[in-house]
Amino acid sequence: SSGINAEWPLRPGGLPNNHDGRKPEEFGSAGKSVGLNVHNNESYKWLRSVGNNWQYDVKTMDPKMLARLYKRFDTFDLDTDGVMMMDEILYWPERMRELCNASDEQIKSMQDAVQKFFVMKGVGPDGCARENWVEANRVFAEAERERARRGEPSLIALLSNAYYDVLDDDGDGTVSLEELKTMMKAFDVPQEAAYTFFEKADTDKSGKLERNELVHLFRKFWMEPYDPQWDGVYAFKY
């Protein structure tokens with residue numbers, strides 16, 4: 001609908017649009033023109049390689065999910081130029097190093113997981129333009145569903161576990177509320193979000209977060225169709 005399309009935050013002058021009649025192989029990079037396919041997005045490339053022909057359609061997106069994802073983009077786009085680059089994303093593991101009692105090995109593991117995750121999330125050599133971010137997220141989500149169907153490892157779990165290893169400061173195999181506060185601080189999220197996040201994530205009400213609970217909430221909040229019950233997870237920052 002026009003209402004949903006109006007949510008798209010195109011920059012003055014816009015970027016070249018890859019859906020203007022050019023062949024897919026003539027598409028520009030994900031950082032310099034609008035539109036994704038197997039030639040400029042690793043998740044589309046992987047899906048097609050396993051016979052999955054899923055295709056993004058903006059009309060399926062709830063405007064509140066669009067807004068959530070664009071806010072997330074703006075958090076990562078440190079220089080506010082409308083393109084998310086890998087070096088901007090790697091700022092966040094460094095924040096974790098500053099705030100956590102993390103070893104070089106743990107930070108290296110986190111950096112590796114972040115890079116693998118965000119390459120599949122659409123951040124190529126030229127980055128990912130803001131106009132492509134939502135599509136990149138949705139095709140990544142479909143790739144995650146396909147990996148689950150095939151019994152292959154989840155990249156959400158890979159990234160979540162790398163964070164988990166750093167957050168678990170006392171090494172007890174779980175994440176406490178205080179340790180979760182550190183993550184919120186690292187990602188410039190209001191501290192009160194630790195309470196709302198913890199309440200939603202601690203599904204067995206053990207008072208500690210296990211790895212699968214973190215993965216479950218990340219997936220629900222970022223990857224699945226919009227559901228208002230998750231709105232307050234990050235204290236309404238997203």
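Reader: What makes the contact between aspartate 165 and arginine 211 a salt bridge?

Author: In this predicted model, the side chains of aspartate 165 and arginine 211 come to 2.5 Å, N to O. A salt bridge asks for a side-chain nitrogen of Lys or Arg within 4 Å of a carboxyl oxygen of Asp or Glu, so the pair qualifies. The two residues belong to distant parts of the chain: aspartate 165 sits in helix α8 and arginine 211 in helix α11, 46 residues apart.

Reader: Why is aspartate 165 called partly exposed?

Author: Its relative accessibility is 34%. Buried means under 20% and exposed over 50%, so aspartate 165, at 34%, falls in between. Arginine 211 also has a value of 34%, and therefore counts as partly exposed.

Reader: How do you know that lysine 208 and aspartate 172 form a salt bridge?

Author: Their side chains meet at 3.1 Å, N to O, and the limit is 4 Å. This pair, too, links distant parts of the chain: lysine 208 is in the loop between α10 and α11, aspartate 172 in the loop between α8 and α9, and 36 residues separate them. Lysine 208 has a relative accessible area of 27%, so the term is partly exposed. Aspartate 172, at 38%, is partly exposed as well.

Reader: What makes Glu142, Arg145, Glu146, Arg149, Arg150 and Glu152 one network?

Author: Salt bridges that share partners join these residues. Between glutamate 152 and arginine 150, the closest N and O atoms are 3.2 Å apart, which is within the 4 Å limit. Glutamate 152 is partly exposed at 33%, and arginine 150 is partly exposed at 41%. Across the whole structure, a search finds 18 salt bridges.

Reader: Why is phenylalanine 221 called buried?

Author: Phenylalanine 221 has 1% relative accessibility.

Reader: Which other residues of α11 are buried, and what covers them?

Author: Besides Phe221, the buried residues of α11 are Glu213, Leu214, Val215, Leu217, Phe218 and Trp222. Their cover includes α3, α7, α8, α9 and α10.

Reader: How do you know that the span of α11 is close to the expected one?

Author: Helix α11 has 12 residues and reaches 17 Å from its first C-alpha to its last.

Reader: Is asparagine 37 buried or exposed, and what is it in contact with?

Author: Asparagine 37 has a relative accessible area of 10%, so the residue is buried. It lies in the loop between α1 and α2. Leaving aside neighbours within four places in sequence, asparagine 37 is in contact with Pro24, Phe27 and Tyr44.

Reader: How many disulfides does the structure hold?

Author: The structure holds zero disulfides. To count as one, a pair of cysteine sulfur atoms must lie within 2.5 Å. Cysteine 100 is buried at 14%, and cysteine 128 is buried at 0%.

Reader: How many helices and strands are in the chain, and what percentage of its residues count as buried?

Author: The chain has 11 helices and two strands. Of its 238 residues, 50% count as buried. Among contacts with a separation of 6 or more, 62% come from residues 24 or more positions apart.

Definitions and conventions
Residues numbered from 1 in each chain as written. Predicted model: local features only at pLDDT ≥ 70, side-chain atom pairs only at ≥ 80, totals over all residues. Heavy atoms only, no water. Helix = DSSP H or I, 4+ residues; strand = E, 2+ residues; numbered from the N terminus. Expected span 1.5 Å × (residues − 1). Buried < 20%, exposed > 50% of the residue type's maximum accessible area, 1.4 Å probe, protein only. Contact = heavy atoms within 4.5 Å.
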